[in-house]
Amino acid sequence: MEPFDALLAATRVLPPDLTARSARFALVLRPSQDPVAVADGVRTTLADFAVRVRPLSPLEPRVLLVDLPGRVPAAAPEVSFEAAYALADAFGLEAAEPDLPTDFFPEEPLFAPGRESANGFPPWCWVAEDPELHDDPRWALGMMNVPAAWEFSAARNRLSRGEGVVVAQPDTGVTRHRELDGVFTVPGYDVLDHDDDPTDPLERGGSPGHGTATASVLVSPGSLVVTGTAPAALHMPIRAITSVVQISQVAVAEAIDWATAHGAQVITMSLGGLFSFSLHRALRRAVRADVVVLAAAGNCVGRVVWPARYDECVAVAGVNRHGRKWRGSCSGAAVDVSAPAENVLRARIPRGDGEPDHGQGQGTSFAVAMTAGVAALWLAHHGRANLVAEARRRGETVQALFLRLVRATARRPAEWDSFTMGAGVVDAEALLRADLDLGRERETLAGPVSEADTVRSLVAEAVQPEAADDPLLDWYRFGPEISHAVLAGRTAPAGASEAASSWTRPSPRLAKAMANPALQDVFGLDLAGAPEVGGTS
């Protein structure tokens with residue numbers, strides 16, 4: 001089948017639904033390709049679909065977003081992946097990916113843990129509130145030595161509490177909450193509606209209030225109950241998702257680009273999902289612009305998700321008040337550091353009259369937000385311009401400098417597992433006191449992990465090492481689909497094997513490309529019976 005015939009065949013099986021959002025694909029162009037010419041070619045070839053084409057962002061004209069109005073991502077993801085491969089082949093692209101909302105980042109349930117599951121996840125992932133912590137609302141700050149860091153900066157006449165540092169937070173947006181009254185803000189954005197209002201609409205069925213809760217542990221001024229790690233920082237809210245369990249990688253990439261272009265100095269992401277070309281390119285642009293970028297390791301699926309899994313990103317796992325792993329925290333070699341994630345006091349949206357507007361929360365969402373606040377303390381204490389100059393003098397980015405120091409100064413509780421939980425628990429005071437050369441002697445000679453290797457490492461960790469041994473497979477091209485299959489296998493509810501199999505069927509192109517039986521087992525079917533393009537059997 002010729003590339004354009006395959007493209008049209010794959011695209012036509014995307015189900016029509018005039019009331020739903022468009023099916024969307026991100027196209028990564030080769031360096032030699034003209035974005036305008038490729039965009040015109042897509043519009044001409046897919047003219048019957050009234051296709052819309054635009055650049056990902058002003059910072060990234062070489063990633064094109066293609067929307068097919070009236071078409072939705074197929075219920076069987078392999079159909080969407082097959083359409084992406086057909087697009088890549090038809091236009092000679094470096095890569096293409098479908099923008100599939102994923103549910104690989106479960107959040108704390110809205111019920112008492114232990115009675116039922118949340119989003120198909122067993123109750124063992126969550127813990128009950130700890131009544132011993134009711135009288136110690138700042139325990140997480142103390143564990144990270146944050147108050148001591150504030151005092152250290154103030155005693156040396158440095159900017160304290162993150163003063164003046166712009167921290168961007170792609171999330172569900174924020175809503176008015178008394179725990180955020182008095183927070184210093186800069187203009188934010190809504191990448192979903194493409195307007196300047198990042199207000200969380202608190203839609204039912206999503207994750208209403210998630211952005212407000214994570215913002216509270218970052219920037220709440222402490223005038224009431226909740227105190228953020230950087231209460232004097234400038235908060236830049238960005239509405240990029242409606243639900244933490246339905247992440248659009250492309251929307252998050254747009255949010256990173258918007259934040260980078262509008263002066264963010266720290267970007268914190270309490271979310272996670274798939275390997276994504278567009279997301280990784282946006283992350284690298286931010287790092288090259290000397291933005292400190294952090295992401296949550298993930299919850300309940302065991303292995304670190306993306307973007308935290310990317311080598312350039314600071315990956316933050318979660319611990320409890322005793323310095324032990326929070327039971328739901330994802331872990332593994334990709335984790336850089338850990339921070340409190342169990343029974344952390346945070347703002348919440350009451351569900352009824354009489355309910356408190358704050359309480360104990362859990363999840364690596366809070367661990368990364370608090371760590372982002374510590375990054376703001378560090379930038380304010382030294383001065384960002386000074387740190388940029390010092391990083392350049394050492395041949396580093398500010399991100400690399402921060403990552404080296406936050407790992408070198410992390411506190412290691414007794415019996416700490418540095419292989420799966422990172423260097424230790426973030427210590428804000430030690431970070432601010434550290435010489436900027438600390439840890440350079442510990443650096444390895446190994447280069448950064450490649451994009452494709454982050455997928456192979458996930459397969460090796462979650463399945464078996466042998467499954468990642470397929471040297472002829474293009475791990476880069478098929479990375480989004482393979483990561484989807486592995487993570488979907490980790491998130492399938494118990495007893496749903498028949499339903500889960502529809503989420504692990506490979507696209508025809510991936511089925512033909514795989515030669516490793518151990519990797520084939522990830523998809524749980526006889527590949528000899530894999531469907532043709534557009535097939536359902």
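Start by colouring the protein chain by pLDDT, the predictor's confidence in each residue, from 0 to 100: the chain averages 87, and 85% of the residues score at least 70. This is a predicted model, so local features need pLDDT of at least 70 and side-chain atom pairs count only at pLDDT 80 or more, while totals for chains, interfaces and linings use all residues. Residues are numbered from 1 along each chain as its sequence is written, and side-chain values use heavy atoms, leaving out hydrogens and water.

Now select residues 111-119. Here pLDDT stays under 50, and the model has 13 contacts for them beyond four places in sequence (contact means heavy atoms within 4.5 Å). Residues 492-503 also have pLDDT below 50, with 9 contacts beyond near neighbours in sequence.

Next, pick Thr102, in the loop between strand S4 (95-98) and helix H4 (139-143). Helices (H or I, at least four residues) and strands (E, at least two) are DSSP runs, numbered from the N terminus. Is Thr102 buried or exposed? Buried, at a relative accessible area of 1%; the word means under 20%, exposed means over 50%, and partly exposed is in between, with a 1.4 Å probe and protein chains only. Show Gln249 too: its side chain makes a polar contact of 3.2 Å with that of Thr102 (a pair of N or O atoms within 3.5 Å, one able to donate a hydrogen and the other to accept it; residues adjacent in sequence count only if both atoms are side-chain atoms).

Last stop: helices H9 (residues 364-382) and H10 (residues 384-393). Their axes are 6 Å apart, at an angle of about 90 degrees. Zoom in where Trp378, Leu379 and His382 of H9 meet Arg384, Asn386 and Leu387 of H10.

Conventions. Axes fitted to C-alpha atoms, helices over the stretch in contact; angles between N-to-C directions.
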